[in-house]
Amino acid sequence: MNTSSLPFLLVAIALLVVPSSASANAMGEIPYYRAPQSTPVHPAIAEAAISSPSQETKVWIFFTDKGQTNLSDIERAKAEVVETWSDRVKSRRAYLGQDFGADYYDIPVNPRYRSVIESMGFRVARESRWLNAISVYLPARDAGLVANLPFVHKVQPVRARTQPINPIPPAQGVLAAATAPDSSVIANFYGPSYPQITQIRVDELHAMGYTGAGVRVMIIDTGFLESHPAFTTCTAVIDEYDFINDDNQTANEGGEHPSQHNHGTGCWATLGAFAPGELIGPAFAAEFVLAKTENIVSETRSEEDNYVAALEWADLLGVDVTSASLGYWDFDDLFAYSVADLDGDTAVITIAVDIAVGRGICCVNANGNKGPGVSTMGSPADADSVIAVGAVDNAGTIAGFSSRGPTGDGRFKPEVVAQGVNTIWAQAWSSGFGPAGGTSLATPLIGGLAALLKEAHPGWSGYDIREALMQTADNMATPNNDVGHGLVDGVAALTFGGATPSAPRMTLPFALCDPPDSAVVNTLTPKLVWGSSISATGDTVCYTVCIDDGTTVSEYAGVKDTCFVPPAFTPGDTLTWWVK
């Protein structure tokens, strides 16, 4: 039972338990065998094997196949994969017309191949079924030995970059004009975030009842402070994983830089905060998956395979939208992508994004802050199916720092733009809110809007959402390499192509917070806490708190706050409470 869809919510204290629920592929099918290439070891690794033969190097080892020798074996392997999928994953595939079917990308890496590499004494870091590869630490001199194995296609470096796309400090003297809220009730509800929301007409979608409810969004970033006030109103975190430290803690951990979670916290809040009067994200009622992939300290390296691993995890969790304010240009090992490399088919994370979109996921990524020069976007913004986001100010003027296209193969970038100048986000270091700038801030605004479109059109794939946003933006008739198709229009995108949106799943951010299901409360006067509700018309919202002791239901009406301390209970009582 999904209690978020009910007119009131029910939670039990102590013993009572209430259950709760938790287009075609652009890449096409890959062959089950790849002929070995003439230069299986990347030149950078070959050079390191001469200059620093014993230096440990992190490499991608790509395999020639996945162990199947005929099409019958491949079909059997695909069927085995489908048996492991959740209903949510099957549903998303069904929308793509794949009849719940898997393809070659879904088949895992051949465990025998991995076992051979491990038996040689090399440490495996990550495994990618999409790339048919593993990332491995090995001495540079041994790369040739690995490349000569009969099942190895090629060996290339895993790249490591130094920083996420850092925010640009707000311009002094502009902030007050850019963020001062209107005096109306609605504007006061959004607070200083009112301009960034209204510019893309998300406030109008909220008034229609679209909040992101039922949509699963993954934030891929540096880490997250879940205790920030932006998220304390019952934000639904479905799962989280730290791909840097390989654990389930995405907040700062011992030994990490104090600023590690700042960027991720701010970007997540820009997309999904619910802090009336301070910051409202477009998709505040979405379900969130948090992926900590980017280490901000260069000495401990942040690898691109973390991003790939996060995307593959997103696929298995049934994620609908990913938002990543990350970009890759130059790296700790002094390698840098050339413009020709940013062709949509070279960087491994670019390839992974295309595969993810081919599975129905809408992938949104920052275009970068290296403007105004031409061809300054990074990877994976160069992907041909990603929604790469540029930054404008609240007047719609392109920001000087916003990266431009074209890609290495001549395509326009970015796809669209949103406010990335004096954008309000959450400040992890102060537990407050404030302005920042960069395509990092514009990206989650588009990611949140994408979640609203997915809520309205469950059958839309990532391609469909991308097309709707681009073809209804204000520069769609004359796209260019500054703003792409231009500033998005959420309301126009909602009915793109004459589509009829579904009714909203939920019109108010209403959920019970504390005590949770089946909690044992060690006080006779517990505080009951629930999520805030808003009225698009500005009406006052009142609540009725109901408490059932098994024989009598007591009702406390006219509660205007979102917490209530009832009269003292009798020790040992088992009580059920709900709010209307």
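A salt bridge here is a side-chain nitrogen of Lys or Arg within 4 Å of a carboxyl oxygen of Asp or Glu. With that rule in hand I opened the model.

**Ground rules.** The model is predicted, so I noted that local features need pLDDT of at least 70, that side-chain atom pairs count only at pLDDT 80 or more, and that totals for chains, interfaces and linings use all residues. Residues are numbered from 1 along each chain as its sequence is written, and side-chain values use heavy atoms, with hydrogens and water left out.

**Salt bridges.** I looked up Asp 242 first. Its side chain meets that of Lys 292 in a salt bridge, 3.3 Å from N to O. Asp 242 lies in strand β8 (residues 236-242) and Lys 292 in strand β11 (residues 287-292), so the pair ties together parts 50 residues apart in sequence. I took strands (E, at least two residues) and helices (H or I, at least four) as DSSP runs, numbered from the N terminus. Are these two partners buried or exposed? Asp 242 is buried at 0% relative accessibility. Lys 292 is also buried, at 0%. Buried means under 20% relative accessible area, exposed over 50%, and partly exposed in between (1.4 Å probe, protein chains only).

Next I checked Arg 359. It forms a salt bridge with Asp 103, with the closest N and O atoms 2.3 Å apart. The two are 256 residues apart: Arg 359 is in the loop between α12 (348-358) and β14 (362-366), Asp 103 in the loop between α3 (87-95) and α4 (111-119). Arg 359 is buried at 1%, and Asp 103 is buried at 7%. Both belong to one network of salt bridges that share partners; its members are Arg 92, Arg 93, Asp 103, Asp 106, Arg 129, Glu 312, Asp 315 and Arg 359.

Then I turned to Arg 123. Its salt bridge is with Glu 56, and the closest N and O atoms are 3.9 Å apart. This pair links strand β3 (residues 123-128) to strand β2 (residues 56-63), 67 residues apart. Arg 123 counts as partly exposed, at 47% relative accessibility. My tally by the rule is 26 salt bridges.

**Ser 128.** Ser 128 is also in strand β3. It is buried, at 2% relative accessibility. Its side chain reaches the backbone nitrogen of Trp 130 at 3.5 Å. Leaving out residues up to four places away in sequence, Ser 128 touches Trp 60, Val 109, Ala 133, Val 308 and Glu 312; contact means heavy atoms within 4.5 Å.

**Nonpolar cores.** I then asked which residues of the largest nonpolar core touch the most other members. They are Val 217, Ile 219, Phe 288, Ile 387, Ile 446, Leu 453 and Leu 469, out of 65 residues. A nonpolar core is a set of buried Ala, Val, Leu, Ile, Met, Phe, Trp, Tyr and Cys residues joined through side-chain atoms within 4.5 Å. Helix α13 (residues 439-456) gives the largest share, nine residues. Apart from this core lies another, of 43 residues, including Tyr 105 and Val 353.

**Helix α14.** Helix α14 (residues 462-471) is mostly covered, with seven of its 10 residues buried. Among them are Tyr 463, Ile 465, Arg 466 and Leu 469. The cover includes α12, β14, β15 (387-392), β16 (416-419), α13 and α15 (490-494).

Conventions: A polar contact is a pair of N or O atoms within 3.5 Å; within protein, one must be able to donate a hydrogen and the other to accept it, and residues adjacent in sequence count only if both atoms are side-chain atoms.
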